[in-house]
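Have a look at the structure with me before I write down what I found.

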Amino acid sequence: MTRLFALILTVLLLPQPAMAAPAFSFEAVIAYNDMRNWVGSRFQLGSDRDDLRKVFVEEGKATQVSRPGRDGSEKYIYDINLCGFYIFRWNISADYDDGGKLLQAYVNGLPVFMAGKAKLEPAGLGGKTVYDSASRERPQVKKGKKRVTFTRLDVDGDIETLDDQFATGHGPSRADPFFLDANVSYNNVEVWRSIYDADDTGTIADYMRCKTPVLPQEIKDLLKLP
């Protein structure tokens, strides 16, 4: 008995193999604030570009798009068809230094790290500014609005140049067809990094719970539900 107890104790004290972290899934992160918090906790300034690509592209199946004319910027875009009511876009973008180390990450155009690279502002580009009403067409929508509208600011007045275009508008705070609000405000975010950008994803994922709404935790808390 003593020898058996000693054997069991030895096994318990042996170092256990580390459990592999589950693969990242865009569908697993419903709320906008949760995505910002997740990106901020999963990565840090100085994270390697390959690490972000592994998470968002290899695991999450996002479409990777390089920024024209900027070798150090790229984005990972993922669209979800919310039961024909809305195409929800996650636009995770990043700026890297010459060594491929993270300078700043953005969720739908808004920066994640307070100590990171500052958000580009129109005032810093000089020149004139031209405002107009623009939209992102979404023909896949069958029951809701087929376009997402926003106000576009173009510093040089040429819509063919991307680096000086900014978007102001609102978007849903949740990738959820049953709670489609417009509670996220985007003020002069770069169009290329935003939910309004014109780049297409390789595929549009289907929302998998179109007949079974899931109450957000904040509503459960308000109603005192389990």
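This is a predicted model: local features need pLDDT of at least 70, side-chain atom pairs count only at pLDDT 80 or more; totals for chains, interfaces and linings use all residues.

**Entry 1: a strand and its partners**

S3 and strand S4, residues 102-107, run antiparallel and are joined by five bridges. I then looked at the turn linking them. The hairpin of S3 and S4 has five residues between the strands, and glycine 100 takes a positive phi near 80 degrees there.

Next I went to the other neighbour. Strand S2, residues 73-81, pairs with S3 over nine bridges, in the antiparallel sense. Here I noted asparagine 81, which stands opposite isoleucine 87 in S3. The hairpin of S2 and S3 also has five residues between the strands, and in this one cysteine 83 has the positive phi, near 60 degrees.

How many residues of S3 are buried? I checked strand S3, residues 87-96, and found ten of its ten residues buried. Both faces are covered. One side carries Ile87, Arg89, Asn91, Ser93 and Asp95.

**Entry 2: the cysteine in the hairpin**

Cysteine 83 made me curious, and I looked up its partner. A disulfide is a covalent bond between the sulfur atoms of two cysteines. Cysteine 83 forms one with cysteine 210, and their sulfur atoms are 2.1 Å apart. The pair links distant parts of the chain, 127 residues apart. Cysteine 83 sits in the loop between S2 and S3, while cysteine 210 sits in the loop between strand S10 (204-206) and helix H4 (217-223). The count for the model comes to one disulfide.

Why is the disulfide left-handed? I looked up the torsion about the S-S bond of cysteine 83 and cysteine 210, and it is about -100 degrees, so the disulfide is left-handed.

Are the two cysteines buried or exposed? Cysteine 83 has a relative accessible area of 13%, so I wrote it down as buried. Cysteine 210 has 36% relative accessibility and therefore counts as partly exposed.

I moved on to helix H2, residues 32-42. Tyr32, Met35 and Val39 are buried in it. Seen down the axis of H2, the buried residues fall within an arc of 60 degrees, so they line one face of the helix. On the other side of H2, I found Asn33, Asn37 and Ser41 exposed.

What do the buried residues of H2 pack against? They pack against helix H3 (49-59), S3, S4, strand S5 (110-111) and S9. That brought me back to S3 and S4, the antiparallel strands of my opening entry.

**Entry 3: an open sheet**

S9 sent me to another sheet. It is an open sheet of four strands, in the order S6-S7-S8-S9, with antiparallel pairing. Strand S6 (130-137) and strand S9 (184-190) stand at the edges, each with a single partner strand, so one side of each is left without a neighbour in the sheet. Neighbouring strands of this sheet are turned by 25 degrees against each other on average, direction ignored.

I took a look at one pairing. Strand S8, residues 165-171, and S9 pair in the antiparallel sense over five bridges. Alanine 167 stands opposite valine 189 in S9.

**Entry 4: a lysine in a loop**

Lysine 128 lies in the loop between S5 and S6. Its relative accessible area is 54%, so lysine 128 is exposed. Which residues is lysine 128 in contact with, leaving aside its neighbours within four places in sequence? I found Asp154, Val155 and Asp156. The C-alpha atoms of lysine 128 and valine 155 are separated by 5.4 Å, and the two are 27 residues apart along the chain.

**Entry 5: stepping back**

Last, I looked at the protein chain as a whole. It has four helices and ten strands, following the pattern α-α-α-β-β-β-β-β-β-β-β-β-β-α along the sequence. Of its 226 residues, 42% count as buried. Its accessible surface comes to about 13,000 Å², and 58% of that belongs to carbon and sulfur atoms.

How values were computed:
Residues are numbered from 1 along each chain as its sequence is written. Side-chain values use heavy atoms; hydrogens and water are left out. Buried means under 20% relative accessible area, exposed over 50%, partly exposed in between (1.4 Å probe, protein chains only). Helices (H or I, at least four residues) and strands (E, at least two) are DSSP runs, numbered from the N terminus. Two strands pair if DSSP finds at least two bridges between them. A disulfide is a pair of cysteine sulfur atoms within 2.5 Å. Accessible areas come from the Shrake-Rupley method with a 1.4 Å probe; for residues, only the protein chains shown count as cover. Axes are lines fitted to C-alpha atoms, for helices over the stretch in contact, and angles run from 0 to 180 degrees between N-to-C directions. The arc is that of the directions from the helix axis to the C-beta atoms. Contact means heavy atoms within 4.5 Å.
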